[in-house]
Amino acid sequence: MSLIELTGVNLTYRIYSVRAQSLRNAIANVAVGGRLLKSGNDIVHVNALNGINFSLNEGDRLGIIGHNGAGKTTLLKVLARVYEPDTGHVRIDGRVSSMIDVSLGVDYELTGRENLINMGRIRGYSTKQILQKIPEIVEFTDLGQFIDLPIKTYSAGMVTRLIFGVATSLEPDILLMDEWIGAGDKFFVEKATNRLNEVLNKSRIIVLATHSWSLMSSLCNKVLVLNAGRQVFFGDIADWDEANNEPRSKAFG
Ligand SMILES: Nc1ncnc2c1ncn2[C@@H]1O[C@H](COP(=O)(O)OP(=O)(O)OP(=O)(O)O)[C@@H](O)[C@H]1O
């Protein structure tokens with residue numbers, strides 16, 4: 001049986017208190033984003049996911065690609081159970097660790113160490129389990145004594161290290177990542193890639209949203225292509241022709 005199964009998933013954001021007509025006009029000529037469904041009474045509906053169907057099995061590593069606003073992050077949030085779809089079904093069997101919303105569980109007034117505990121708790125681990133992992137996470141992040149300072153004193157890259165450290169230390173069944181490498185420096189990117197390879201072996205499923213085709217093709221065996229919230233293709237990565245933006249064969253799905 002599949003560990004992740006999505007059937008007919010639709011999700012629409014409702015944006016309240018905007019000047020609907022002027023927003024519609026502003027977005028009309030933009031080639032990116034979800035589809036604006038209707039506007040009126042100062043409410044705009046953005047159809048971010050439309051009819052998403054796929055399933056993943058043990059060992060699958062899914063890459064999600066699509067232009068800005070195609071729905072990648074929204075889909076990851078559905079998988080993380082941050083959002084329930086408006087219609088459709090989501091079945092997930094396993095413990096999920098998420099690197100989607102970097103601010104999830106992060107309190108800038110608390111120290112790195114205190115945040116590690118909070119982030120672990122949010123991801124479903126006991127304080128005892130997290131405390132056992134802390135020395136290893138601190139070593140990986142290279143934050144040194146900053147670990148006992150409030151996060152508000154960290155740079156963006158330092159916060160990324162902390163979050164990446166937590167998300168990859170707790171040995172999840174399912175690891176969700178969104179443009180995870182962006183804020184790190186060159187040294188960290190190298191270190192993170194090695195670490196990710198270790199996690200790949202430990203996690204049963206990885207789902208990664210990125211604009212980097214080379215990163216995706218080196219890590220993933222499956223690809224999901226989104227366009228304005230719609231599923232253009234789901235299948236083996238070898239069956240997607242990235243250069244021509246089309247399926248290679250009849251494997252169109
Ligand atoms: N909180 C929100 N409220 C309203 N609309 C939103 C919200 N978050 C995203 N959207 C809209 O939903 C659509 C999908 O956005 P999403 O962030 O999932 O895209 P993405 O593929 O991750 O984009 P990017 O590559 O730019 O990160 C876009 O049209 C976006 O404007």
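I looked across from Val225 and found Phe233 of β10 standing opposite. Helices (H or I, at least four residues) and strands (E, at least two) are DSSP runs here, numbered from the N terminus. β9 and β10 run antiparallel and are joined by 6 bridges; I call two strands paired if DSSP finds at least two bridges between them. The hairpin has 2 residues between these strands. Ala228 sits in that loop, between β9 (222–227) and β10 (230–236). Its phi is positive, about 50°, although Ala228 is not a glycine.

Is Ala228 buried, exposed or partly exposed? My cut-offs: buried means 20 or more other C-beta atoms within 10 Å of a residue's own, exposed means 12 or fewer, partly exposed is in between, and C-beta atoms are placed from the backbone. Ala228 has 19 C-beta neighbours inside 10 Å, so it counts as partly exposed.

**Ground rules.** I must keep in mind that this is a predicted model: local features need pLDDT of at least 70 and side-chain atom pairs count only at pLDDT 80 or more, while totals for chains, interfaces and linings use all residues. Residue numbers start from 1 along each chain, as its sequence is written.

**Whole chain.** I noted 7 helices and 12 strands. The chain has 253 residues, and 36% of them are buried. Next I checked contacts, meaning two residues whose C-beta atoms, placed from the backbone, lie within 7 Å. Among contacts with a separation of 6 or more, 69% are between residues 24 or more positions apart.

**Core.** In soluble globular proteins, nonpolar side chains tend to be buried together. I count a nonpolar core as a set of buried Ala, Val, Leu, Ile, Met, Phe, Trp, Tyr and Cys residues joined through C-beta atoms within 7 Å. The largest one here has 62 residues, and Leu176 and Val207 have the most contacts inside it. What does Leu176 touch, leaving out residues up to four places away in sequence? I got Leu76, Leu79, Ala80, Val96, Ser98, Met99, Ile100 and Val207.

**Helix α5.** I found α5 mostly covered, with 12 of its 14 residues buried. Among the buried ones are Leu162, Ile163, Phe164 and Val166, and also Arg161. Their cover includes β6 (96–99), α3 (112–122), α4 (127–141), β7 and α6. I also checked the length, taking the expected span as 1.5 Å times one less than the number of residues. For α5 that gives 20 Å, and its end C-alpha atoms are 20 Å apart, which agrees. Just after α5, Glu171 takes a positive phi of about 45°.

**Helix α6.** The 17 residues of α6 (186–202) should span 24 Å, and I read 25 Å between the end C-alpha atoms, which agrees. Ala192, Leu196 and Val199 are buried in this helix. Seen down the axis of α6, the buried residues fall within an arc of 65°, so they line one face; the arc is that of the directions from the helix axis to the C-beta atoms. They pack against α5 (156–169) and β7 (174–178). On the face turned away I listed exposed residues including Lys186, Phe187, Glu190 and Asn194.

**Helix α3.** Which residues of α3 are buried? Gly112, Asn115, Leu116, Met119 and Gly120 are. They cover an arc of only 135° around the axis, which puts them on the same side of α3. I found them packed against α4 and α5. Gly124 follows α3 with a positive phi near 95°.

**Strand β5.** The number of buried residues among the 6 of β5 (87–92) is 0, so the strand lies largely in the open. β5 pairs with β1 (4–15) in the antiparallel sense over 5 bridges. I saw Asn10 opposite Thr87 in β5.

**Two loops.** Arg81 lies between α2 (72–79) and β5. Its phi is positive, near 70°, in a residue other than glycine. Arg81 is exposed, with 11 other C-beta atoms within 10 Å.

I found Glu242 in the loop between β11 (240–241) and β12 (246–247). With 15 C-beta neighbours inside 10 Å, Glu242 counts as partly exposed. From Glu242 to Lys152 I noted 90 residues in sequence and 40 Å in space, C-alpha to C-alpha.
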